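Student: I would like to go through the side-chain interactions of this structure with you. Could we take them topic by topic?

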Amino acid sequence: QLQLVESGGGLVQPGGSLRLSCAASGGTLNYLAIGWFRQAPGKEREGVSCISISGSSTNYADSVKGRFTISRDNAKNTVYLQMNSLKPEDTAVYYCAAARVILNRSWTSLARYEYPDWGQGTQVTVSS
């Protein structure tokens, strides 16, 4: 059974950086598109970034474009989210999620309902 485990969250000052990792076990990432989502207190869970199976296609929410970078290392069964120039409004629990893709290796989506498998989340707090 596929399990996703996020790590790398923590407390960082505004303008700082963090790199989140999403490690998969019980299955291979080779056929999984991965999305990063976040949920702040009192708000709905929103899509942040996603990456296709091949890694050739990525997508970002407007709020993080130019600051966040998603990447994947299928050999390590891990997807990363590099977060730079962090702002207090980036504070949230960050989740990674997986979607099995059979045909379109360039498929990506920021829609929550497209992803059936989820990790437990990692807290990111941006504060001075």
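The conversation below turns to disulfides, aromatic rings and salt bridges.

Tutor: Please keep in mind that this is a predicted model. Where would you like to begin?

Student: With sulfur. How many disulfides does a search of the whole structure find?

Tutor: The search finds one disulfide. The bond joins Cys22 to Cys96, with an S to S distance of 2.1 Å.

Student: Which parts of the chain does the pair link?

Tutor: The pair links distant parts of the chain, 74 residues apart. Cys22 belongs to strand 3 (residues 18-25), and Cys96 belongs to strand 9.

Student: And what is the handedness of the link between Cys22 and Cys96?

Tutor: The link of Cys22 and Cys96 is right-handed, with 70 degrees about the S-S bond.

Student: Is Cys22 buried or exposed?

Tutor: Cys22 counts as buried because its relative accessibility is 1%, and the cut-off for buried is under 20%. Cys96 is buried as well, with a relative accessible area of 0%.

Student: Then what about Cys50: where is the nearest cysteine sulfur?

Tutor: The nearest cysteine sulfur to Cys50 is that of Cys96, 13 Å away.

Student: Let us change topic to the rings. How many aromatic pairs does the structure hold?

Tutor: The structure holds four aromatic pairs. One of them is formed by Phe37 and Tyr115, with ring centres 5.3 Å apart.

Student: Why is the pair of Phe37 and Tyr115 called edge-to-face?

Tutor: The planes of the Phe37 and Tyr115 rings are at 75 degrees, so the pair is edge-to-face; the cut-off for that class is over 60 degrees.

Student: Where in the chain do Phe37 and Tyr115 lie?

Tutor: Phe37 is in strand 4 (residues 32-39). Tyr115 is in the loop between strand 9 (92-100) and strand 10 (117-118), and the two residues are 78 residues apart. Both Phe37 and Tyr115 are buried.

Student: Which aromatic pair do Trp107 and Tyr115 form: stacked, edge-to-face or tilted?

Tutor: Trp107 and Tyr115 form a tilted pair, with 6.0 Å from centre to centre and 45 degrees between the planes. Trp107 has 22% relative accessibility and therefore counts as partly exposed, whereas Tyr115, at 3%, counts as buried.

Student: Which residues form the aromatic cluster?

Tutor: The cluster consists of Phe37, Tyr95, Trp107, Tyr115 and Trp118. Arg45 lies over the face of Tyr95, at 3.7 Å from the ring centre. Arg45 also lies over the face of Trp118, at 5.0 Å from the ring centre.

Student: On to charges, then. How many salt bridges does the structure hold?

Tutor: The structure holds five salt bridges. Among them, Glu46 and Arg38 meet through their side chains at 2.7 Å, N to O. Arg67 and Asp90 also form a salt bridge, at 2.7 Å, N to O.

Student: Where are Arg67 and Asp90?

Tutor: Arg67 is in the loop between strand 6 (58-60) and strand 7 (68-73). Asp90 is in the loop between strand 8 (78-83) and strand 9, and the pair links distant parts of the chain, 23 residues apart. Both Arg67 and Asp90 are buried.

Student: Which residues are linked in a network of salt bridges?

Tutor: The network links Arg38, Glu46, Arg67 and Asp90.

Student: What can be said of Arg38 itself, buried or exposed?

Tutor: Arg38 lies in strand 4 and is buried, with a relative accessible area of 7%. Its partner Glu46 has 35% relative accessibility and therefore counts as partly exposed. The side chain of Arg38 also makes a polar contact of 2.9 Å with the side chain of Asp90. Leaving aside neighbours within four places in sequence, the contacts of Arg38 include Val48, Ser63, Phe68 and Tyr94.

Note on methods:
Residues are numbered from 1 along each chain as its sequence is written. This is a predicted model: local features need pLDDT of at least 70, side-chain atom pairs count only at pLDDT 80 or more; totals for chains, interfaces and linings use all residues. Side-chain values use heavy atoms; hydrogens and water are left out. Rings of Phe, Tyr and Trp (its six-membered ring) pair if their centres lie within 6.5 Å; planes under 30 degrees apart count as stacked, over 60 as edge-to-face and the rest as tilted. Helices (H or I, at least four residues) and strands (E, at least two) are DSSP runs, numbered from the N terminus. Buried means under 20% relative accessible area, exposed over 50%, partly exposed in between (1.4 Å probe, protein chains only). A charge sits over a ring if NZ of Lys or CZ of Arg is within 6 Å of the ring centre and within 35 degrees of the ring normal. A disulfide is a pair of cysteine sulfur atoms within 2.5 Å. A salt bridge is a side-chain nitrogen of Lys or Arg within 4 Å of a carboxyl oxygen of Asp or Glu. A polar contact is a pair of N or O atoms within 3.5 Å; within protein, one must be able to donate a hydrogen and the other to accept it, and residues adjacent in sequence count only if both atoms are side-chain atoms. Contact means heavy atoms within 4.5 Å.
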